[in-house]
Each structure stands twice: as C-alpha cells, then as structure tokens.
Amino acid sequence: MRKRLVIAGTVVAACGALAVSGVLTSANAAPAAPTAPVALAAAPVSPPPTRDAEPEHEVLGEVIPSGLGDLVFYGVKLREPRLPQTTFGIMAGTRAGEDLVITNETSGSDKAPGFHAVSGGLNANGHDVPTFGYYVGPAAKITSSAGVAHQARWSADPNVVVFWFDLGPPTRRA
C-alpha cells in the first residue's frame with residue numbers, strides 16, 4: 001500500500017529563502033491528510049516547442065514552455081567528476097537558444113525522491129528568470145510567497161517534474 005509523505009522545507013536560492021511544500025508518494029510514510037491533485041502541464045505540448053538556435057549544452061528531452069514570453073526550461077546533460085550521481089540539470093533559457101541559468105543537484109543522487117536544485121529569481125544576461133527547480137515524485141502543490149508554482153513532467157524522465165513561479169514575464173534590458 002502506498003502512502004503519502006508531506007514534505008515542507010526551506011531552500012535558499014539566489015533570491016533568498018523559498019518555502020516549498022508538496023506531497024510525495026512513499027511506501028514507508030505515515031498517512032497524511034488527502035489533498036486534491038494538481039494537473040501537471042504536459043511536456044511536450046503540441047506542437048513541441050523548439051529553440052531557434054543550437055544550445056551550448058546537450059539538451060535532454062523536450063523543451064518546456066514557461067508561458068512567460070520566450071523563456072523555456074529544458075534538461076541538459078552534465079558531466080562533472082566531482083558529482084558522480086548528478087547526470088543532468090534543468091536550464092532556464094530562451095527559444096532563441098540562449099542558456100540563462102542552470103540548476104542541478106550538488107550532492108547525492110539527482111533522481112532521489114524529493115525537491116532538488118532550486119534557482120532563479122534573478123536577472124541573467126538581461127532576462128528576468130523566475131524561481132524554478134525540479135523534484136522527483138508526485139507533488140500535489142508547490143507554494144511560496146510568489147504564489148503557486150507551475151509544474152510540467154520532464155519528457156526524458158516522467159518521474160522528474162520541473163516547477164517555476166510567475167514573477168512576471170522575462171524582460172530584455174539594454
């Protein structure tokens with residue numbers, strides 16, 4: 001029998017503290033109060049979003065549109081000898097092929113259940129990037145002072161869910 005594990009914590013990102021919470025399914029967890037499931041955005045959408053230029057990093061899976069102008073999220077392959085259990089990161093970038101900010105696990109397995117790699121809430125290369133990250137396992141809802149996060153399953157591994165908050169559309173600064 002599968003049970004739900006309610007997790008909550010604080011992740012420090014470039015923009016400060018971000019409180020995240022969700023519901024993960026676990027075989028060993030104590031039962032929690034039932035929560036209504038949140039519909040996840042399908043990734044990819046039809047037709048699949050694309051990038052207009054070749055990326056600097058090897059892209060894994062389909063590009064996930066953010067709904068915030070030309071901002072997109074995508075998985076990228078990582079090869080870092082100091083992080084042998086980290087094989088991918090989630091990149092915030094643009095459809096024009098500009099990589100903006102990457103976030104990835106920095107210790108342990110990048111696919112262990114729970115929240116991983118939160119970043120954003122900053123300006124990168126003249127673009128505003130909302131707070132984003134990923135988790136492994138089902139979460140009913142992710143909230144912060146910025147509101148409720150958008151969620152989309154990563155096409156390269158449907159157990160990985162990318163999330164991001166609305167902080168306004170990205171703007172290009174001169």
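Author: Read along the sequence, the chain runs β-β-β-β-β-β-β-β-β-β-β-β-β-β. That makes 14 strands and zero helices; here helices (H or I, at least four residues) and strands (E, at least two) are DSSP runs, numbered from the N terminus. This is a predicted model, in which local features need pLDDT of at least 70 and side-chain atom pairs count only at pLDDT 80 or more, while totals for chains, interfaces and linings use all residues. Residues are numbered from 1 along each chain as its sequence is written, and side-chain values use heavy atoms, with hydrogens and water left out.

Of the 174 residues in the chain, 42% are buried, where buried means under 20% relative accessible area, exposed over 50%, and partly exposed in between (1.4 Å probe, protein chains only). Take the contacts (heavy atoms within 4.5 Å) between residues at least 6 apart in sequence: 50% of them join residues at least 24 apart.

Now to the rings you asked about. A search of the whole structure finds eight aromatic pairs. Rings of Phe, Tyr and Trp (its six-membered ring) pair if their centres lie within 6.5 Å; planes under 30 degrees apart count as stacked, over 60 as edge-to-face and the rest as tilted. One of the pairs is Phe 73 with Trp 164: the ring centres are 5.1 Å apart and the planes stand at 35°, so this pair is tilted. Phe 73 belongs to strand 4 (residues 71–77) and Trp 164 to strand 14 (residues 157–164), so the pair ties together parts that are 91 residues apart in sequence. Both Phe 73 and Trp 164 are buried.

Another pair is formed by Phe 163 and Phe 165, and this one is edge-to-face, at 6.2 Å centre to centre with 80° between the planes. Phe 163 is buried, its relative accessible area being 0%, and Phe 165 is buried as well, at 1%. These two residues also belong to one aromatic cluster, made up of Phe 115, Tyr 135, Phe 163 and Phe 165.

Finally, look back at Trp 164 and find Thr 131. The C-alpha atoms of these two residues are separated by 5.7 Å, although they are 33 residues apart along the chain. Thr 131 sits in the loop between strand 9 (127–129) and strand 10 (132–136).
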